[in-house]
Amino acid sequence: MTDIASPSGQEPALRAIARADGEPPRALVLGATGYIGGRLVPRLLTAGYRVRVLARDATRVSTFEWSERVEVVVGAAADSAALAEAVQDVDVLYYLIHSMSSGKEFEEADRAAARTVAEAAAATRPRGTEAATDAASEATADRGAGGVSRIVYLGGLHPDDADLSPHLRSRVEVGEILLASGVPTLVLQAGVVIGSGSASFEMVRHLTEVLPYMPAPKWVRNRIQPIAVRDVLYYLLAAARVAPDVNRAVDIGGPDVLRYGQMMNGYAVEAGLPQRAIAALPVLTPRLASHWVNLVTPIPRSIARPLVESLQNDCVVKNRDIDAIIPPPEGGLTPYRRAVDLALGRESEDRVETSWLDAEVLGVPSDPLPSDPDWAGRTVFTDARTAHTSADPARLWAVIEGIGGVNGWYSQPLLWAIRGWMDKLVGGVGLARGRRSRSRLEVGDALDFWRVEAIEPGRMLRLRAEMKVPGGAWLELRASPEGDGSRYDQRAVFFPRGLSGRLYWLAVLPFHGFIFRGMANRITATAEGRGS
């Protein structure tokens with residue numbers, strides 16, 4: 001089963017066309033490590049494109065299977081120097097980034113990034129060249145002679161006559177900036193994307209599974225036109241080959257128009273659950289609703305808020321203008337329940353390709369664990385445990401790499417659950433976030449309220465805390481051979497921030513004996529096959 005259409009002989013419109021110099025066209029992807037970008041890149045490669053990515057962290061790119069087949073330019077979208085390097089000899093530019101932060105600064109950040117990208121792309125084109133509108137400019141724009149010949153932006157589906165949320169308003173503005181760049185731009189405006197690991201799918205799923213009777217915000221009665229992630233990828237791939245005179249925004253959506261409540265019950269049918277009774281409550285504002293979503297789903301408030309705000313109005317395709325630009329995929333667009341079935345299949349097979357879990361969490365420390373010499377002169381608290389086991393290092397490592405998610409943390413599940421709920425109550429990610437794969441971890445993967453900062457397969461796993469704490473926290477687990485068995489080393493490290501950080505450590509210190517000692521004992525026991 002798959003929830004993504006792959007470039008193949010069935011879809012010739014997705015294959016790259018060689019440039020005039022005989023070279024394959026080059027695509028630059030901004031947002032390549034995100035949910036959509038991480039799936040688009042391998043499909044561009046399969047379709048015959050050379051791919052370059054702009055990323056702030058080259059280490060994060062290296063965790064993807066396709067990393068050795070792409071060029072990497074390190075930098076941010078608002079970094080003009082990095083953009084100038086990244087756009088050289090590029091034919092099509094994919095803009096797949098959008099800030100999910102809150103506050104007044106994110107709109108300006110989005111605006112600055114869009115302007116930088118628009119200016120960098122326009123600077124690659126011959127002087128006096130504007131969006132191609134005739135045969136001569138088509139020849140120039142066709143395959144590389146005139147710099148960036150196409151920008152493709154994935155925006156948000158929205159009504160024209162409504163008061164838009166700040167996030168939707170910002171996405172519309174980004175599209176307008178790119179359309180005015182002088183580079184032919186296609187803005188694909190999508191609503192709720194359904195696919196394994198998508199935030200929208202996870203929100204539908206958890207809202208449906210948590211309660212048999214559901215008091216819900218009034219927007220569950222709004223009309224929604226969801227689209228399968230495989231169809232979003234089809235449109236993105238095909239957009240690289242649209243006619244050079246196309247410079248506009250178009251809506252994309254699946255074949256079904258549903259109320260959000262119907263989407264939830266459609267999920268219930270595919271998941272084998274009873275139909276849910278849903279009561280729409282008019283008292284839940286977007287702010288309160290995002291808190292509610294944060295509490296009953298793994299979606300943190302920073303991501304729940306823009307998702308909830310985007311559902312305050314009907315979210316339906318206004319016309320099918322896209323069909324004249326990009327014909328529908330062979331076999332038609334994917335129905336909603338089919339998209340749910342495909343996503344569930346991916347998850348049951350442990351083949352989730354990318355996930356919303358991989359998105360950065362705002363307001364948490366992101367600096368790596370300082371090396372030991374840097375600790376001099378700084379306050380640091382540690383809890384170190386060592387255990388010995390007759391299990392071989394490979395078996396011990398398998399238990400370490402499988403920690404979290406459905407396997408839990410091997411000690412005091414009630415205390416871990418309470419800490420997760422405390423984090424949820426203050427807007428954190430909580431413990432229910434889980435993990436993308438049940439058996440594999442990569443640098444950058446989310447793991448409940450941790451994130452994988454470093455991993456040495458077979459030897460070491462280092463996790464950085466993303467729960468709300470007054471300081472920086474890490475948990476490091478190691479496996480090493482010792483005699484006929486293995487040695488297990490476990491270290492918790494906390495750098496307090498101010499008085500509140502010191503008081504926090506003192507408050508949780510009495511629980512460490514239960515949690516960390518039990519954790520070391522249970523991990524080694526499980527490796528030996530004695531865990532219950």
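The following questions and answers examine how terms are applied to this predicted model.

Residues are numbered from 1 along each chain as its sequence is written, and side-chain values use heavy atoms, without hydrogens and water. Because the model is predicted, local features need pLDDT of at least 70 and side-chain atom pairs count only at pLDDT 80 or more, while totals for chains, interfaces and linings use all residues.

Q: How do you know where confidence in the protein chain is lowest and where it is highest?
A: The basis is pLDDT, the predictor's confidence in each residue, from 0 to 100. The protein chain averages 85, and 87% of its residues score at least 70. Helix α5 (residues 135–141) has the lowest mean, 37, and strand β4 (residues 92–95) the highest, 98. Helices (H or I, at least four residues) and strands (E, at least two) are DSSP runs, numbered from the N terminus.

Q: Over residues 1–10, what does the model show in pLDDT and in contacts?
A: Contact means heavy atoms within 4.5 Å. The pLDDT of residues 1–10 stays under 50, and the model has 34 contacts for them beyond four places in sequence. Residues 131–144 also have a pLDDT below 50, with 25 contacts in the model beyond near neighbours in sequence.

Q: Why is strand β1 called mostly covered?
A: A residue is buried under 20% relative accessible area, exposed over 50%, and partly exposed in between (1.4 Å probe, protein chains only). In β1 (residues 26–30), 5 of 5 residues are buried, so the strand is described as mostly covered. Both faces contribute: Arg 26, Leu 28 and Leu 30 lie on one side, with Ala 27 and Val 29 on the other.

Q: What makes β1 and β2 a pair?
A: Pairing requires that DSSP find at least two bridges between two strands. Strand β2 (residues 50–55) is joined to β1 by 5 bridges, so the two strands pair, and they run parallel. Leu 28 stands opposite Arg 52 in β2. On the β4 side, 4 bridges join β1 to β4, also parallel, and Leu 30 stands opposite Tyr 95.

Q: Why is the unit of β1, helix α1 and β2 called right-handed?
A: The term applies if, with the strands pointing away from the viewer, the path from the first strand over the helix to the second runs clockwise. The β-α-β unit made by β1, α1 (residues 37–46) and β2 is assigned as right-handed, which means that its path over the helix is clockwise in that view.

Q: What makes β3 and β11 edge strands?
A: The open sheet has 7 strands in the order β3-β2-β1-β4-β5-β6-β11, with parallel pairing. Each of β3 (71–74) and β11 (248–251) pairs on one side only. Neighbouring strands of this sheet are turned by 20° against each other on average, direction ignored.

Q: How do you know that the span of helix α6 is close to the expected one?
A: The expected span is 1.5 Å times one less than the number of residues. Helix α6 (residues 166–179) has 14 residues, and its first and last C-alpha lie 20 Å apart, close to the expected 20 Å. Its buried residues, among them His 167, Leu 168 and Val 174, pack against β4, α4, β5, β6 (185–190) and α11 (301–309).

Q: What makes β18 and β19 a pair, and which way do they run?
A: Strands β18 (residues 471–482) and β19 (residues 485–496) share 12 bridges and run antiparallel. The bridge partner of Gly 472 in β19 is Phe 495. Their hairpin has 2 residues between the strands, and Gly 483 takes a positive phi near 60° there.

Methods: Axes are lines fitted to C-alpha atoms, for helices over the stretch in contact, and angles run from 0 to 180 degrees between N-to-C directions.
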